[in-house]
Amino acid sequence: MTQKPMTQKPTTGNTARLDHVVLWVRDPIEAAGFYEKAVGLETVRLADFSVGEAPFPSVRVNEETILDLMPLAMAERMTMLPGAAEASGHPVNHVCLSLPADDFDALRSRLEEQSVPMTELSHGSFGARGPARRSFYFRDPDGNVFEARHYG
């Protein structure tokens with residue numbers, strides 16, 4: 001069965017967007033260092049977290065999306081919904097970062113420099129904007145799996 005390519009819709013005020021993803025990490029400062037040095041993401045509230053003024057740091061994916069680096073020790077305090085504490089800390093399959101080709105290549109180089117294990121490149125895997133030209137997977141120090149891809 002052939003899938004027709006998806007077309008990207010223009011962003012409007014009424015379009016849903018991904019605001020943040022919460023990742024459970026053992027050491028938020030170490031995790032922030034990994035995302036800054038190996039992945040190339042800017043840290044957010046790291047200094048505030050370091051001095052106890054923020055409950056967790058984050059890293060910025062783009063102007064609209066961040067990854068929150070939640071201390072795993074806080075899982076038991078997740079009481080916003082009945083049963084939330086029991087579900088806290090369970091991993092997702094993976095998070096995918098879509099990058100321009102140059103940034104994709106720079107990410108792969110930084111991960112190699114940091115000796116982060118990666119999969120081989122794959123081609124044509126399907127995502128939000130259709131088949132990707134190239135993609136690969138890697139893990140952060142806490143075992144969260146990421147896919148990096150570029151479309152054009």
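Student: Which strands make up the open sheet, and in what order?

Tutor: This is a predicted model. In it, an open sheet of 3 strands has the order 5-9-8. The pairing in that sheet is mixed.

Student: Which ones are the edge strands?

Tutor: Strand 5 and strand 8 are the edge strands, and each of them pairs on one side only.

Student: What does the twist average from one strand to the next?

Tutor: The twist averages 25° from one strand to the next.

Student: In what sense do strand 5 and strand 9 pair, and over how many bridges?

Tutor: They pair in the parallel sense, over 4 bridges. As a landmark, Ser98 stands opposite Arg149 in strand 9.

Student: What holds strands together in general?

Tutor: Strands of a sheet pair through backbone hydrogen bonds, either parallel or antiparallel.

Student: Ok. Where does helix 4 lie?

Tutor: Helix 4 lies across strand 8 and strand 9. Its direction is at about 35° to strand 8.

Student: Arg134: buried or exposed?

Tutor: Arg134 counts as buried, at 18% relative accessibility. Asp105 counts as partly exposed, at 35%.

Student: How many salt bridges does the structure hold?

Tutor: The structure holds 4 salt bridges. One of them joins Arg17 and Glu64, with the closest N and O atoms 3.0 Å apart. Arg17 is in the segment before strand 1, and Glu64 is in the loop between strand 3 (58-60) and strand 4, so this pair ties together parts that are 47 residues apart in sequence.

Student: And how accessible are Arg17 and Glu64? What are the relative accessible areas?

Tutor: Arg17 is partly exposed, with a relative accessible area of 40%. Glu64 is partly exposed as well, with 37%.

Student: Which residue meets Asp142 in a salt bridge?

Tutor: Arg26 does; the N to O distance is 3.3 Å. Asp142 sits in the loop between strand 8 and strand 9, and Arg26 in the loop between strand 1 and helix 1, so the pair ties together parts that are 116 residues apart in sequence. Asp142 is buried, with a relative accessible area of 18%. Arg26 counts as exposed, at 57% relative accessibility.

Student: New topic. How many residues are in the largest nonpolar core?

Tutor: The largest nonpolar core has 23 residues. Leu23, Tyr35 and Phe138 have the most contacts inside that core.

Student: Which elements give two or more residues to this core?

Tutor: They are strand 1 (20-25), helix 1 (28-39), strand 4 (66-71), strand 5 (95-98), helix 4 (101-113), strand 8 (134-139) and strand 9 (145-150). Helix 1 gives the largest share, 6 residues.

Student: Which residues are in a second, separate core?

Tutor: The second core has 7 residues, including Trp24, Phe56, Met70 and Ala75.

Student: What do nonpolar side chains tend to do in general?

Tutor: In soluble globular proteins, nonpolar side chains tend to be buried together.

Student: Back to Tyr35. What is Tyr35 in contact with, leaving aside its neighbours within four places in sequence?

Tutor: Among its contacts are Leu23, Val59, Leu67, Leu69 and Phe146. Gly40, Leu41, Asp140 and Asn144 are also in contact with Tyr35. Tyr35 is buried, with a relative accessible area of 1%.

Student: Which residue forms an aromatic pair with Tyr35?

Tutor: Phe34 does, and the pair is edge-to-face: 5.2 Å centre to centre, with 80° between the planes. Phe34 counts as buried, at 11% relative accessibility.

Student: How many aromatic pairs are there?

Tutor: The count comes to 5 aromatic pairs. Phe136 and Phe138 have ring centres 6.0 Å apart and planes at 35°, so that pair is tilted. Phe136 is buried, with a relative accessible area of 0%, and Phe138 counts as buried at 2%.

Student: Which residues do the ring pairs link into a cluster?

Tutor: Ring pairs link Phe34, Tyr35, Phe104, Phe136, Phe138 and Phe146 into a cluster.

Conventions
Residues are numbered from 1 along each chain as its sequence is written. This is a predicted model: local features need pLDDT of at least 70, side-chain atom pairs count only at pLDDT 80 or more; totals for chains, interfaces and linings use all residues. Side-chain values use heavy atoms; hydrogens and water are left out. A nonpolar core is a set of buried Ala, Val, Leu, Ile, Met, Phe, Trp, Tyr and Cys residues joined through side-chain atoms within 4.5 Å. Buried means under 20% relative accessible area, exposed over 50%, partly exposed in between (1.4 Å probe, protein chains only). Contact means heavy atoms within 4.5 Å. Two strands pair if DSSP finds at least two bridges between them. Axes are lines fitted to C-alpha atoms, for helices over the stretch in contact, and angles run from 0 to 180 degrees between N-to-C directions. A salt bridge is a side-chain nitrogen of Lys or Arg within 4 Å of a carboxyl oxygen of Asp or Glu. Rings of Phe, Tyr and Trp (its six-membered ring) pair if their centres lie within 6.5 Å; planes under 30 degrees apart count as stacked, over 60 as edge-to-face and the rest as tilted.
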